[in-house]
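The following paragraphs lead the reader through a model of two chains, from the fold of one chain to the contact between both. Please keep the sequence and the coordinates at hand while reading.

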Amino acid sequence: MNPLHTLLAPFFIAGTLGLAAVSGSGLVSPAAAQTKAIQSQDTNIDGLVGEITQAQRKDGVLTIRLRVRNTSDSTKQIRFPSGTSEFDKYYVVAGSRKYLILRDSKGEMIATPDKGETSLKKGEGFTWWAKFPAPPASEKKFGFFTSIAPPFDDVPISD
Amino acid sequence: MLVGVAMGGPALAAYTDPDAPETEAAARAALPNAIVRDIAATVRDIPGLSRDVADRGRGVESRVQDLDKAIKDLDAKQTDIEIRIQLPADVLFDFDKANIRPDAHAALRNVAVILRAYSKSPTLIEGHTDAKGKDAYNQKLSEQRAASVKAWLVKEAGIEPARMTTRGWGKQRPIAPNTKPGGKDDPAGRQKNRRVEIVIQKR
């Protein structure tokens, strides 16, 4: 690599990653939205697709990432949970038990912070996440219930 | 990553990255208090319906049973005009703190049952301390504790905030002597004085 390349490389890398910058949650570009979906289905809003991209069990905690993508040609609005009662509509069912989102000692949900109404342009996506108490190891699949789509059934858990 | 959010009270944590060590640590720490319910025994509100409407759907008989049980469990005192609930501060809060302890949730859920049954009733939440410590400190602590109870009822039980008023009395309204006749400390009396009282006006 010549000296000019060495100088420009960090800018090129930053520019490439700029659009795809995803930390835990947030708006993602179409490129970043290519993370493989474990399960997907239409949401209750025409043109918006809900995709589970992570269902990871670790140290007794189940982390779920739910990406919503706008596959339509127009901007769409969708409401993510804001306030305890709305967060409680997002839960996991495994066996005959229901698991609600974990809350810290101050009662804060361990999930994407209160989001509320979110606007998604054509091709744009948003990844929402939350942590739940993990079902026992004997449970290999779960149902995921939300207020934005029909239930996601038989989602495989990765350990 | 953790972000502090000022809410007019203590700063609350907001979690922005599920993979951050702080987030994972918080999740593991939250496991002992995780909410896991047996589906067969759970009755949930229907999304989109108010709690009152959902309660009506469960039937009047069931509501009356819930109310009677809550009043009994809390040892609430009823008159024609009010229901008075006394909650020991030692159950609600840790020493010198104003954050609701997880052990207090069951009692507060019972309070919520009564508040829902009297859904139009103005409610006064009063904090009281014992006589130990400085007056100003006790006054502030009693105000903070009353406010914490209200905040819990709003956030966790969905009670309308506008109907609840809070007030702190510090050590001004004891219900038991703080000292024995000889002037010695009376720990049992002081324990009774450390409390939150909830007064629901029937109407």
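**Fold, interface and cores**

Chain A has a secondary structure of 2 helices and 11 strands, where helices (H or I, at least four residues) and strands (E, at least two) are DSSP runs numbered from the N terminus. The model is predicted: local features need pLDDT of at least 70, side-chain atom pairs count only at pLDDT 80 or more, and totals for chains, interfaces and linings use all residues. Residues are numbered from 1 along each chain as its sequence is written, while chains are lettered from A and ligands numbered from 1 in the order in which they are written.

Along the sequence, the elements of chain A follow the pattern α-β-β-β-β-β-α-β-β-β-β-β-β. Of the 159 residues in chain A, 35% are buried; a residue is called buried if 20 or more other C-beta atoms lie within 10 Å of its own, exposed if 12 or fewer, and partly exposed in between, with C-beta atoms placed from the backbone. Contacts are defined by C-beta atoms, placed from the backbone, that lie within 7 Å. Among the contacts in chain A between residues at least 6 apart in sequence, 60% join residues at least 24 apart.

The contact between the chains takes 28 residues from chain A and 27 residues from chain B. On the side of chain A that touches chain B, the elements giving two or more residues are β4 (61-70), α2 (84-87), β7 (97-100) and β9 (125-133). The largest share, 4 residues, comes from β7(A). By class, this side of chain A has 10 nonpolar, 9 polar and 9 charged residues. Here Ala, Val, Leu, Ile, Met, Phe, Trp, Tyr, Cys and Pro count as nonpolar, Asp, Glu, Lys and Arg as charged, and the others, Gly among them, as polar.

With strand β3 (residues 36-38) of chain B, β7(A) pairs in the antiparallel sense over 3 bridges; two strands are said to pair if DSSP finds at least two bridges between them. Arg97(A) has Asp38(B) as its bridge partner in β3(B), and Tyr99(A) stands opposite Val36(B) in β3(B). Within chain A, strand β6 (residues 91-94) and β7(A) pair in the antiparallel sense over 4 bridges, with Leu100(A) in β7(A) as the bridge partner of Tyr91(A). These two strands, β6(A) and β7(A), form a hairpin with 2 residues between them, and Gly95(A) in the turn has a positive phi of about 60 degrees.

The pairings belong to an open sheet of 5 strands in the order β11(A)-β10(A)-β6(A)-β7(A)-β3(B), with antiparallel pairing. At the edges stand β11 (152-156) of chain A and β3 of chain B, each with a single partner strand, so one side of each is left without a neighbour in the sheet. Neighbouring strands of this sheet are turned by 30 degrees against each other on average, direction ignored; the axes are lines fitted to C-alpha atoms, for helices over the stretch in contact, and angles run from 0 to 180 degrees between N-to-C directions.

Both chains also contribute to the largest nonpolar core, to which β3 (48-58), β4, β5 (76-80), β6, β9 and β10 (141-145) of chain A and α1 of chain B each give two or more residues. This core has 34 residues, and those with the most contacts inside it are Ile64(A), Ile101(A), Ile110(A), Ala111(A) and Phe132(A). A nonpolar core is a set of buried Ala, Val, Leu, Ile, Met, Phe, Trp, Tyr and Cys residues joined through C-beta atoms within 7 Å. Not counting residues up to four places away in sequence, Ala111(A) touches Phe87(A), Ile101(A), Trp129(A), Ala130(A), Lys131(A) and Tyr15(B). Apart from this core lies another, of 27 residues, among them Ala70(B), Leu92(B), Leu108(B) and Val113(B).

In helix α1 (residues 21-30) of chain B, the residues Thr23(B), Ala26(B), Ala27(B) and Ala30(B) are buried. They lie on the same side of α1(B) because they cover an arc of only 100 degrees around the axis, the arc being that of the directions from the helix axis to the C-beta atoms. The face turned away from the buried side of α1(B) carries the exposed residues Pro21(B) and Ala25(B).

Notes: Two residues are in contact if their C-beta atoms, placed from the backbone, lie within 7 Å.
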